[in-house]
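Work through the exercises below with the coordinates loaded. Each task is followed by a solution in steps.

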Amino acid sequence: MSSFHEIINSGKPVLVDFYAEWCGPCKSMAPILEQVKKSVGENAIILKVDVDKNPTAANAYQVRSVPTLIVFKDGKSVWRQSGVVPAPQLSELLLGNRM
């Protein structure tokens, strides 16, 4: 398995979903992320990070609430939002403007 840093530096846009098992809105993001994955295919990577199992990653990116979604391009954070985000907005973000 690749390391987190290898993945976010892969050259493709990477959407990271910082979530928690106990979080209601996080559960509602799961089918949205499935839909986004189908629409972006191999053009982007979607990664889920459980903040309870990976507190170091959550702290490194100052994740204070879940779900927090961060899009990385070439290792840099280019977009960030907390809360539930609709699939069309995420797909457009990953595909539309190609960052």
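**Exercise 1.** Find which residues A57 touches, not counting residues up to four places away in sequence.

Solution. A57 lies in helix α3, where helices (H or I, at least four residues) and strands (E, at least two) are DSSP runs numbered from the N terminus. Step 2: apply the contact criterion, heavy atoms within 4.5 Å. With residues up to four places away left out, A57 touches F18 and V49. Step 3: take a C-alpha distance. A57 and T68 are eleven residues apart along the chain, and their C-alpha atoms are separated by 12 Å.

The model is predicted, so local features need pLDDT of at least 70 and side-chain atom pairs count only at pLDDT 80 or more, while totals for chains, interfaces and linings use all residues. Residues are numbered from 1 along each chain as its sequence is written, and side-chain values use heavy atoms, with hydrogens and water left out.

**Exercise 2.** List the contacts of F4 and of F72, and identify which members of the largest nonpolar core touch the most other members.

Solution. Step 1: F4 lies in helix α1. Not counting residues up to four places away in sequence, F4 touches V16, F18, L47, V49, Y61 and F72. The C-alpha atoms of F4 and A20, 16 residues apart along the chain, are separated by 18 Å.

Step 1: define the core. A nonpolar core is a set of buried Ala, Val, Leu, Ile, Met, Phe, Trp, Tyr and Cys residues joined through side-chain atoms within 4.5 Å. Buried means under 20% relative accessible area, exposed over 50%, and partly exposed in between, with a 1.4 Å probe and protein chains only. The largest core has 19 residues, of which F4, V16, F18, Y61 and F72 touch the most other members.

Step 2: assign the core to elements. At least two of its residues come from each of α1 (4-8), β1 (14-19), β2 (45-50) and β3 (68-73). The largest share, four residues, is supplied by β1. Apart from this core lies another, of 15 residues, including I32, V85, L90 and L94.

**Exercise 3.** Describe how helix α2 and helix α4 pack.

Solution. Step 1: two packed helices are described by the angle between their axes and the distance between the axes. Axes are lines fitted to C-alpha atoms, for helices over the stretch in contact, and angles run from 0 to 180 degrees between N-to-C directions.

Step 1: for α2 (residues 24-40) and α4 (residues 87-96) the angle is about 40 degrees, and the axes are 9 Å apart. Angles under 35 degrees count as roughly parallel, over 145 as roughly antiparallel, 65 to 115 as roughly perpendicular and the rest as oblique. The two helices are therefore oblique to each other.

Step 2: list the residues in contact. On α2 they are M29, I32, L33, Q35, V36, S39 and V40, and these meet A87, L90, S91, L94 and L95 in α4.

**Exercise 4.** Locate the non-glycine residues Q62 and D74, each with a positive phi, and the cis peptide bond between V66 and P67.

Solution. Step 1: most residues other than glycine have a negative phi, and most peptide bonds are trans.

Step 1: Q62 has a phi of about 50 degrees and lies in the loop between α3 and β3. At 52% relative accessibility, Q62 is exposed.

Step 2: D74 has a phi of about 55 degrees and is found in the loop between β3 and β4. At 44% relative accessibility, D74 is partly exposed.

Step 3: the peptide bond joining V66 and P67 has omega of about -5 degrees. P67 lies in the loop between α3 (55-60) and β3.
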